[in-house]
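Hi,

Here is the structure I promised to pass on. Have a look at it first, then read my notes below.

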Amino acid sequence: MGDESEIEAFIAHWRDTGGSELANTQSFINGLCRLIGVPPPNGSRTDDAHNDYVFERRVFQDNGDGTASFGRIDLYKRDAFILEAKQGSDADRAAAGRGEDDLDLFGQTASARLKRGTARRGTPGWAKAMVQAKGQAERYAKALPPDHGWPPFLLIADIGHCIEVHADFTGTGKAYAQFPDRARYRIMLDDLRDPEVRQRLAAIWTDPRRLDPSMQAARVTREIADLLATVSRRLEARGHSAETVSSFLMRVLFTMFAEDTGVLLPQDSFKTLLRGQLDHPEHAHHQLSALWRAMDRGDFAPGLGIPVKHFNGYLFKDTQALPLELDELKVLIEAAQKDWTEVEPAIFGTLLERALNPKERAKLGAHYTPRAYVERLVGPTLMEPLRADWAGVRVAAAELIDQGKAEDARRTVEAFHGRLASVRVLDPACGTGNFLYVAMARMKELEGEVLDLLMDLGDRQYVAELTGHTITPENFLGIEINPRAAAIAQLVLWIGYLQWHFRVNGKDRSPPEPILRDIRTIENRDALIEWDNREIERDAQGAPITRWDGETMKPHPVTGRPVPDERAQVELYRYVNPRPATWPKADFIIGNPPFIGGKDVRDRLGPGYFEALFRTTEVPESADFVMHWWDKAALAVRKSGTRRFGFVTTNSITQVFSRRVIAKHLDAKDGLSLRFAIPNHPWVDEKDGAAVRIAMTVAASGKADGLLLTVADEREAPDRIEFTHRMGVIGSDLRVGADLTSTIPLKANDRLCSPGVKLHGDGFILTPEEAQKLLPNSLIPIDFMTDFTIYNSQQPEPAASSQQPAASSQQPAANSARPSVRAECHLPLSKRPRSRLQAPQCHGDRPVRVDRKSGARTLSIDLPAHPGDHKTASG
């Protein structure tokens, strides 16, 4: 990297020349590359296949009408970034000088792009120009060759003034947001003096994926969960209930997070308090309780020696702290030394539930659902419609600025922000809140862009008074039946919100007090049914009737496979006056409901729940359990004003009983359409970390085409999955094209053939060794002959006999033209046909011999039959 004198010379040079219409973009970039220690761009070649790091990289887009649009990326580095300069490029100046007026991908001429670069900094026109430059970069990213993928970064440069950095690590191109946050995404020319800034720019050039914050956050989060599990296990072993321990540790971990912000609590203050108890760990719980009482009321905290902020809320209503032994205190100190501001809430909830739940603790090291998988559903469900709204507002604001109506442009953007801040998102099976957190993170990123444009438009007062109208945990609603998971989800939302507060507003700006409002947006209840009372079923002696709890497993003593553990019993309930549960109104519904096959619902949830559920719904009993959520969400879109919903479901959603639920809503007069679907996608079950296959579906009201993604390559999953894309009407079978689900049998084909006897599932199939073990001497090889004759035109069909069934609609008329076939069959004893002769079937490794005799063919095959049932028939 450049030394201090080079940095100062570079800044001085471009401060004087930057902003001029004649500023040389390429010269600035070449100088910047020397400054941050990376190679400059290569020379451009005629064949674009070799232009992976060049100025003026050409891209083309098919307009769908026989014409194509083209564009030139100011600077492109494959798998790294697109850089678009507000001033336009050298090629733009040359084209404008020649009078060329071809439109680029953004509908602008070279002259228009140069005019964009003349906007004076600090004016609404400058803000408009930067917005247009970002829009141009997004269009270029979309027009890149498919095998290039989406670049993780977009760089928007005002030469000699600043570079704005936007990142999208999801690989979808739908979530480019300010990076690393709103406070630092705009790198001013003077910021190049900061070594950290230069290192960040160098990484964008050379190793952009290393900057993905989720990679570091995932490691820190797993380490913290392991430490909390250690303390939890020890406290439970001393007789404390799992519920008491989990509540205590949730207060501890939030306090650790608060001190690491440096604003909510003084930096390192909590670690200092814990270390001060090492000589007398028996007093630590008194210090913790005193601190939490002060945080609840906003009083003086003796353990810290200072007054603390007013936290209030639900978390510190209970200030009980558990007595700690020395080893437990040391583990908490080690956990406090982690950077809690780097915790990834998208996975923290899952790991915390495993750490605090005795039944799940053994699965702490198992896989968890990667954030990228969650993003894949959040994008089309929530962010694509919101960003489409935002794109329209940006265009409207730009037009108003062109007309000299900057105040109207500000009001237009303010109105959009007001609508954005009132959006409500519901996850009706929220678990520990990972979908809700990712939705909040993406909405906060969008809010940051909106607020930044308002600042550029001079609307500083609106931004300064943001407290009462911003996106908070109140926008995110959940329903969860597990009380511990519901509490964790609420905590995850607050930690995630506070993380984003500091990213958007700056690290030194405290949120308003009370820090944690006593608002419970996560409801701990059943999402499908409500009831007046739940009564225990009892036997004739009055003792409670119990059943398997539906989840506890044990290894089978012979096979080793997990089977239900009959020792894990729960009481059987009867539900009095069941009725459909009501969901809170929401603009968007998203989530990952439980994976239970239709045939397993009664065993897993109990006959009482099963019977109550199906008294309240029209969903078929054989449909997968998740379809009850799908049905209720579809009704919310059709009848209650919800814009879209998206669910992760079992991939058996396309099977007949589940498919009927989808078809009912697609075919209704006020029906839905599927806007996005992936029929078969890898997934990680949050409960046990098992690899499963799922489907994703997103639906909205009205008839419209949707995007169908099909997994083409998942060898590098979860880091990278390649898809094929297809647009069109998506049917209930999650296919694009002819609706095969609506086909009906042709009468002309009626009674012409039969598929015969078929075995479904592997349960009926035994190896010879297994059969011999179950019933010795049961396998007796017997060879004999049977005839299966079809007559041809040279051989008239004989009349039916006692050994030949009479002709039917399945048989050809006499003297019809058919080939003659004789079958030699070596039949195993163990399988018998039905009384009506079935067509012969060839299986797997069975040999087939063909002989020719007098123009007829003789086949030697294996048939599922018994010698006593030997028959000859026409067919």
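Start with D526, which touches I479, I481, W531, A581 and Y609, leaving out residues up to four places away in sequence (contact means heavy atoms within 4.5 Å). D526 sits in the loop between β12 (522-524) and β13 (529-530); strands here are DSSP E runs of at least two residues, and helices are H or I runs of at least four, both numbered from the N terminus.

Before going on: this is a predicted model, where local features need pLDDT of at least 70 and side-chain atom pairs pLDDT 80 or more, while totals for chains, interfaces and linings use all residues. Residues are numbered from 1 along each chain, and side-chain values use heavy atoms, without hydrogens and water.

Now the bigger picture. The protein chain has 22 helices and 31 strands, and 49% of its 875 residues are buried (under 20% relative accessible area, 1.4 Å probe, protein chains only). In the largest nonpolar core, which has 117 residues, F248, F254 and M443 touch the most other members. Such a core is a set of buried Ala, Val, Leu, Ile, Met, Phe, Trp, Tyr and Cys residues joined through side-chain atoms within 4.5 Å.

Cheers

Methods. Buried means under 20% relative accessible area, exposed over 50%, partly exposed in between (1.4 Å probe, protein chains only).
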